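Subject: Structure handover

Hello,

Here is the structure you will be working with. My notes come after it.

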Amino acid sequence: MGQNVRLMARWAVSLLLIVGSIVAQAQDRRVTGKVTTGTDGMGLPGANVQVKGTTLGTVTNANGSFELNVRGNNDVLVISSIGYVKKEITVGSQSIINVPLEDDIKSLSEVIVTGYGTQSKRDITGAVAIINTEQLLSVPATNLAQAMQGRVAGVTVGNDNSPGGGVMVRIRGFGTINDNSPLYVIDGTPTKENLNTLNLNDIESMQVLKDASAASIYGSRAANGVVIITTKKGKAGKPKLTYDAYYGQQRANRFLDLLNTQQFADLLWESRINAQNTAKLVDGAYPAGTIISYPNIAMFGNGTTPVIPFYANPAGKKQGEVDEGAYNFDTRNLITRANQQGTDWFDAIFESAPIQNHQIGVSGATEAARYAMSANIFDQQGIMKNTYFKRYSLRANTEFNVNKRFRVGENLQVAYGERVGQTNGNQSEGNPISFAYRIPPIVPRFDVNGYFAGGNGTGLDNSRNPEAELFRNKDNKQQELRLFGNAYAEFDILPNLTAKTQFGVDYNTYNLRNYRANDPESPEMVGTNTLRTNNNFGFTWTWYNTLNYNTTLGDKHRINLMVGTESIKSYNEFVFGERSGFAVDELANRYLNAGKTVVSNGGGGREWKLASEFARANYSYDNRYLVDFTIRRDRSSRFAPAFRTAYFPSVSAGWVLTEESFLKGTSSWLSFAKLRIGYGQTGNQEIGNYNAFSTYLSNPETSFYDLAGANTSSLQGYELGQFGNANARWETTTSTNIGLDATFLGGKLEANLDWFTRTTSNMLFPVEVQFTQGRAVNPFQNIGEMSNKGVELGLNFADKKGDFNYSIGGNISTYRNNVVKTTGDPNVQYFGFSTRLAAAAVTQQGYPLASFFGYTLDGIFQNDAEGRAHAGQFVANTDAAKAANPFNKAGSFKFRDINEDGVINASDRSVIGNPHPDFSYGINASLGYKNFRLDLFGQGIQGNEIFNYVRYFTDFPTFGGNRSLRMYEKSWRPGMTDAVLPIPRSNDVISSLPSTYYLEDGSYFRFKNIQLNYTLPKAISDKLGMGSAKVYVQGQNWFTFTKYTGLDPEINLRSSSASGQDIHMGFDEGSYPASRATLVGLSVSF
Amino acid sequence: MKSIIKPISFAAVLLAGLTTSCNDSFLDVVPLGELSEATLRNKAGVDLVLTGAYSIMDGVNVGPGFSDWHGSADNWVYGSVASDDAYKGTNAGDQPEISIIETFQHTPDLNHFRGKWQVVYDGVARSNDVLQLVEKATDMTAAEKTAVIAQARFLRGHYHFEAKKMFNMVPYIDEKTYNSNDANSTKLPNDKDIWPNIVEDLKFAYDNLPNRWAGFPGRATKWGAGATLAKAYMFQSNFTAAKPILEAIVNSGQFRLMDKYHDNHRAVTNNNAESILEVQFSVNDGANISRNGNRGHTLNYPYGGGALTTCCGFFQPTQNLVNAHKTDANGLPQLDTFNNVDVPAENSVSYQGNLDPRLDWSVGRTGVPYLDWGIHNIGYIRDPAYAGLYSPKKQSPYRSENGSLTWSNNPRQNANNYRIIRYSHVLLWLAECEVEIGDLTKARGFVNQIRRRAANPDGFVKFTDGKPAGNYVVKEYTEAWTDKAEARKAVRFEHRLEFAMEGHRYFDLVRWGIIEPTLNAYLAVEETKRSYLRGSRFVKGKHEYFPIPNQEILNSQLSGQATLKQNPGY
């Protein structure tokens, strides 16, 4: 049978050839010619020469020459070659036709990986950002997502700056109150997991699918955009060995301006005096002759001024009053000398730290196979002591041509990541950064015995020693092993009909043995050592199949059709155990078996599945009109059967204006212009796995009870754990995009402009169920609506003059977020996280997501009369109440009476600020001269506000930690009209309420990269047996321009890696500062 | 030949993959490690859910964004800090919401109120879950069902009672109203007085529960339900209804006063003969952060200075409370003049005046032994200049019990049960009844029972050499009571001393109708000692009840209209 088929095929081909030659013999003329390159006039081999409207044609030989029979003078030759602009020439009377082909604008002919296929950039009709991976990877980063910051218009990136810390990526604003993170598709396999264990040096290309017309082929997971990543494949040629490395030093950029010990004590004295004598203050001062009482504090005495003691513990003791020999660690008789100058705790916890990366790779291809392998070591030590991230990864990408029609291949990465972060994580009042300002400056780093000093003792408040915290945490490694990859097979059923199947896996394990040694120096000592071991694993497989058909009808109609199916299954399991009472703290003893007392243990599992079918049709007419349709049907296990299925359609069209005759004359300056318009829908299913179910759970903490009165055990109980919502449907994001792509001046200048709207309807929202219904996890309901509108512009200009070449580019983008609807009630408010303050982020109809919420300040009362004239501040609006009220007196904040009822209270809070920027932008420039090149890259955002929550601790009399220089210098005293803070009074719990005081302009511009490269001249590298060699020096984050007073203006979510955080953004709770780094690097190939 | 078969068969597999979509069963998942309601509709399931309903008797099960003490069963914030018994304590900045409550600046948006609301209504919902399940169980006898229903109704009554005394106008949710699958089912207006509903539930429990449950002291009994019912009547000043129940409890012979006052406040004497209704705490029971070990009280332990605990220094007794423990030459309380002169806070052991010995079990004083921890000293206090030198004591564990009756990771979580109602409550409520509707002599007798026990020298706080830590002089009222007003004052004063720092004071002052003058008199003096109290005043007609949580009013909307209404004044 097979034999017969082949015979038949041969017959058919022969027949065609015979017919062809008969037709050809009917022709009268033969023309010859040469196709050359327009730039250097060299012969161009392999170019197609075809008679327009016929199947007649030939290919140029090695010299670029061709011979062809034509039918007459009216025949038109179409000459084309990949990478060159197609040319048409009317034969006329010529018999020798020499054709120079102009270089095509390279970027337009680029083939781009889009959903389940490829497209040339020229043909793209959706909003697709193509990332220059060379630029992207030039700046060291742990995580690919982090590297995207500032590189792509419309993509907002935030990260917590610590090595291996969380990264947030948001595309075109915030589409939902739920999960807003994009889907990553790596070599065709999707994932929403953290990218820390993806080695970025393996990346060949990256695209961001921003609008629905580009992304809806990914349906229910595409509402937040899709990032398509393709890793390096072998290229034709001999095996090529490459080695890339860099090494650098990083250091902290800036610290907070805090007080020394004397300033600290003076401010404390002042605020205690004012608290003890509040009633005697007249216009903020004590009238002559007033008898005032002075504080009596163990640490600083009881005089008119504080006395800095010699010892901090025991508090307030003078030199000679303490027998240092009585120091006893076991009985916790710790002795600490006061640091009379004041400890700089930021200096104590930050240090200069190295970063390095080594990548070795080999790649190549033969007719039968292509291959690329790499090994990578990345090691970033944190600028915060004892923190780091390390990654070891191996990759092998291979593809084999079994025969001309059948290909199989695989892409696989195995990576191990190891991280020690700061204790309690980023953005936490209990992490070392927060303790660095929460610990009083009088506490020295070490006690008299050289052990960590701390707040143990009287009057030192409850901060822990941040340096000790970091030291004790140094072996608490988070270890991840990830296997990510796929295997595929492709078969050309017909030359233009290809079938593909691909099976991808994403397997992760996570282990953390978190040990807490005892901390006797801490005032709130833990008291016992504990170990908690966590183990998780997750396994996701994705299997997809596609059929792809390409055809050209006539020479003007190009059609591409694709259909496919996909199924995904994801399973996840975790287990933890905790014991306490370890005999010794040694690292080798930190295993659960060595603990004395079982504290707790637990475990659980989760799974979800997705089944999908999808199709795409592309049609192009004469390269001028482009249309693209896609549709996907998704069925998700996360919804009840009745609501499980959803369809996500899209349509987009492109019009290549420069193909029109009316623009033919403009080619001298306008090389290419395409107008795009797209419309489509995408979905979101990130609502947890079991939203549809009401479930009863059993939890020792909340459902067990000791009915037997045993004291040391409790009986199992069950409680309703979740209110199910079986009626939840998909969240749908509908987006419209209008864009213009243009290149000017022969490709030197490229511009992309996009305008978009995205509206999420049926927004899934975990509607708070009133507590009379009981407390259980709130179900997601389809009630909300959110919209984003914006404009994005990208510009790139490149040119060269002799030995000098340069490029400059930039992008700028905006989005305007609006919560169109929550429940329909404009008064319904959904709050973000509460801190020591009531939640000060609100999501409310008619305002942007996570707007700042609080009181508005109208300055400070300069005298008592002003205070009394104002509304009653947290007291009744009566003269008597106000006369007795310190907040209606000189030096107090003047809160605005928003509802004008004469009383300041909680009802006077309103939306006071916006964490979303007016716009964000990135700029890069490159200057090359001979073998030197200088690269510059900067990024910034403008017009956002930051809620500087750190000020709660440093600017108000809260807790007993250090204070800001601002509080010391800018607190109100009589006559001080430029004061920014109220009169210091240690019992003031009102002034620190959430208000406009905390808001600051968060705009910044940061030079992220300044890099000088030198490429070894070819003659030298040849002599050394190298293919190429490049060395560079680089400065990262050298300059930052901002008015923000906190540690760093890059403030995003509380936790950049977790979901559900977007209701509380732009809060600085003591964020990790970006480091400034200087690096040297090397890149060679053999 | 071979080379083409492979691709063809491959293509066949692929086409099969393309055309046969996954069938729907692929998409069926069930929650892992959790149960559906259907699996619990039986005797075993009912018992598990009933245990779950008991489990928040401790007031600890608040959701994300709330803190465990918001709903704490002992109401230390609302019952004691808001009253004249205790300061928030610790330092000025920590937990500012509690300072706001303490200084009567509270507003409906405070998390604390919502945390409390959350816990009590979660208790109601859990009780209703039991009542619905028990209906559906087919493997239970009628008697078994009644026993479960009576317990669940007791719990439902108890949780509503907590809501009632905090917020006054609150909705009553029963199992017919409640539907866990319809979030709107419990959006009821708070326009009715729910005392009758509470009484009905408690009465059913009183009539149907056994005297005791062998081996299960944590389960509700007839007497626990009866005492709660009587307490509900006391809160309505319905003495006629309360009195017979209280007498029945006395006559049951099931209860007696412990010989030593302090036995009501230590773990080794949990569930003793005086205890009528007790919250069971357990430690080292596998709970992750020991939420069953009195987490609601976790802030309220001495701060350092050699103390067993190192956190958090909250809930410091007031100078006013300490002064209230002064006795006169006859060993009787100084009902009207107690606050004229302070018991010194520093060097307090040198104080030679007469003191009620209960002082040193309710209050940690400088120089006095603090349980078996050592001598209470200034180091126990986080910020002496802020809230004085006293520490709370009643819920503290013993050092000798550390690790066994305390959580192995932290002694602040411990198994020292909170006694909601004990026999001394019954006696003093009876005394009240007798004052109001009966016989002053009988009233005096009940008060004297309490004082007699307090006077037992075996029960005094002593130094290691056996000498009492203070000049303890407490005696019975020997002179006949003739003036009803004076008698009332004496009974109420005894209440304060007997239950100091136990979270009842504020609610008692409200039900007695004397909270405004009492607290404003207290504040007028105390603000001269604690500067942060300056200017704070109780507002009559407003502060008797706490505000309905704002967010709950918002969340109670039905077609755009809130069903809950705010209390007056907020």
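This is a predicted model: local features need pLDDT of at least 70, side-chain atom pairs count only at pLDDT 80 or more; totals for chains, interfaces and linings use all residues.

Residues are numbered from 1 along each chain as its sequence is written, chains are lettered from A and ligands numbered from 1 in the order in which they are written, and side-chain values use heavy atoms, with hydrogens and water left out.

Interface. Chain B contributes 115 residues to the contact and chain A 113 (heavy atoms within 4.5 Å). About 9,400 Å² is buried between chain B and chain A, 55% of it from carbon and sulfur atoms (accessible area lost on being put together, 1.4 Å probe, summed over both parts). The rule finds 7 salt bridges across this interface (side-chain nitrogen of Lys or Arg within 4 Å of a carboxyl oxygen of Asp or Glu). Asp461(A) and Arg382(B) form a salt bridge at 3.1 Å, N to O.

Cores. The largest nonpolar core has 164 residues; Trp76(B), Tyr506(B) and Phe546(B) are among those touching the most other members (buried Ala, Val, Leu, Ile, Met, Phe, Trp, Tyr and Cys joined through side-chain atoms within 4.5 Å; buried is under 20% relative accessible area, 1.4 Å probe, protein chains only). Leaving aside neighbours within four places in sequence, the contacts of Tyr506(B) include Tyr78(B), Phe104(B) and Phe546(B).

Sheet. In chain A, 5 strands form an open, mixed sheet in the order β10-β15-β16-β13-β14 (strands are DSSP E runs of at least two residues; pairing needs at least two bridges). β13 and β16 of chain A pair in the parallel sense over 4 bridges.

Regards

Conventions. Buried means under 20% relative accessible area, exposed over 50%, partly exposed in between (1.4 Å probe, protein chains only). Buried area is the accessible area (1.4 Å probe) that two parts lose on being put together, summed over both.
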